[in-house]
Amino acid sequence: MRKLAFFSALCFFLSAVEYAIPKPVPFFRIGLANLPIMISFLCMSRKESTALIFLKVLLQAIISGTLFSYVFLFSLAGSVASGFVMMAIFHLFYGRKLVSWLGISMAGGLANNLAQLGVACIFLFGENTKFVAPVLLAISFVASIAMGLFANVFVEKSKWLADLRNKNWTEVKSAGKKSAAAEEKKSSPKFQFLVLAFSLSMFILLFFSKSIYAVSGIFLLAVIACFIKNKRVNLLPSLALILSVTFFSILVPHGKILAEIWKLKITDGAIFSGLERSIKLCSCVFLSKLIADKNMKLPSRAGLFMFLVFEYFEKLSENIGNKKITFSNFVSLLDEKLEKAFEC
């Protein structure tokens with residue numbers, strides 16, 4: 001359960017990172033969340049990897065608010081097609097050293113594109129899909145090569161992955177002990193129900209909210225709830241994320257032109273789109289922190305599983321401090337982060 005929960009949280013985290021990146025095609029995804037899927041083939045059963053593929057689709061929909069939209073169909077078709085194609089190629093050819101992670105990634109990217117183009121042809125663009133296809137295929141080709149090359153390096157050099165494949169990890173049986181009267185109150189069934197009901201209702205509102213004002217209101221409520229529950233909040237990472245996502249969103253102008261700096265057109269559509277995406281993402285993080293409490297005990301194994309997913313997601317969302325990220329130390333820093341989060 002721990003490994004599946006951790007890899008699900010990693011898909012959740014990478015989907016959140018990917019969600020913040022502007023896309024040239026509406027339903028296009030770079031494929032960052034495919035990395036945990038590929039790595040899972042090395043240390044998880046086929047049944048667990050299959051479950052992870054579907055959990056990835058669900059978590060991507062949660063982070064992007066597309067669970068009840070046509071975009072979910074694209075994500076479901078693409079993820080299922082790419083996931084099963086990559087799994088089949090891995091089990092048939094990887095052990096015989098007939099294919100590398102580059103080949104697996106490229107095959108998965110192609111399967112993902114073909115499935116999404118099929119859905120686009122049926123439900124959205126019809127015959128005009130042929131105009132979208134070249135752009136989607138070209139961008140995805142480059143992205144799948146990058147993911148494959150990175151997977152080759154990561155699998156070869158990752159100490160965390162090597163340890164994960166060699167260890168027999170024990171399951172988590174409990175979520176902690178109550179140590180004080182305040183903690184007794186926080187971990188009571190009534191308090192758990194209120195926190196869970198509030199968090200889930202806010203998640204649902206985020207799904208349907210298209211107004212920047214509504215999304216901002218949900219974010220404010222989530223921050224206030226976190227402050228009441230934990231007595232402290234750190235807004236600096238959220239503010240930095242909002243500013244960075246909005247800045248990069250401006251680079252893809254659409255809507256009414258508000259200003260023009262050299263050749264860059266500042267448009268209201270790009271600004272509001274960046275703000276909406278980034279504030280939604282920050283809202284999900286704070287709502288996740290509400291649920292990911294060591295004293296939050298939900299009934300059954302499903303409740304324990306969801307507790308672990310949100311706890312790992314919170315750990316993965318923490319910054320790396322003052323360490324400078326470079327090309328040479330990226331894998332080692334990622335290793336350190338994964339090991340720290342997994343051992344929480």
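Modeller: Helices are DSSP runs of H or I with at least four residues, strands are runs of E with at least two, and both are numbered from the N terminus. On that basis, the chain has 14 helices and 2 strands. The model is predicted, so that local features need pLDDT of at least 70 and side-chain atom pairs count only at pLDDT 80 or more, whereas totals for chains, interfaces and linings use all residues. Residues are numbered from 1 along each chain as its sequence is written, and side-chain values use heavy atoms, with hydrogens and water left out.

Of its 344 residues, 47% are buried, where buried means under 20% relative accessible area, exposed means over 50%, and partly exposed lies in between, for a 1.4 Å probe and protein chains only. Contact means heavy atoms within 4.5 Å. Among the contacts between residues at least 6 apart in sequence, 70% join residues at least 24 apart.

Helix 2 is mostly covered, since 10 of its 10 residues are buried; among them are Asn34, Pro36, Ser40 and Cys43. The loop between helix 1 (2-19) and helix 2 holds Leu32, which counts as buried at 16% relative accessibility. Not counting residues up to four places away in sequence, Leu32 touches Leu14, Val17, Glu18 and Met147. From Leu32 to Ala16 the separation is 16 residues in sequence and 9.7 Å in space, C-alpha to C-alpha.

Two packed helices are described by the angle between their axes and the distance between the axes. Axes are lines fitted to C-alpha atoms, for helices over the stretch in contact, and angles run from 0 to 180 degrees between N-to-C directions. Angles under 35 degrees count as roughly parallel, over 145 as roughly antiparallel, 65 to 115 as roughly perpendicular, and the rest as oblique. A crossing is right-handed if the near helix is turned clockwise from the far one by less than a right angle, and left-handed if anticlockwise.

Helix 2 packs against helix 6 (residues 129-157) at about 40°, with the axes 11 Å apart. Helix 2 is therefore oblique to helix 6, and the crossing is right-handed. Leu35, Met38, Ile39 and Leu42 of helix 2 meet Met147, Phe150, Ala151, Phe154 and Val155 of helix 6. This contact comprises 9 nonpolar, no polar and no charged residues; Ala, Val, Leu, Ile, Met, Phe, Trp, Tyr, Cys and Pro count as nonpolar, Asp, Glu, Lys and Arg as charged, and the others, Gly among them, as polar.

Met38, Phe41 and Leu42 of helix 2 make the contact with Trp101, Ile104 and Ser105 of helix 5, which divides into 5 nonpolar, 1 polar and no charged residues.
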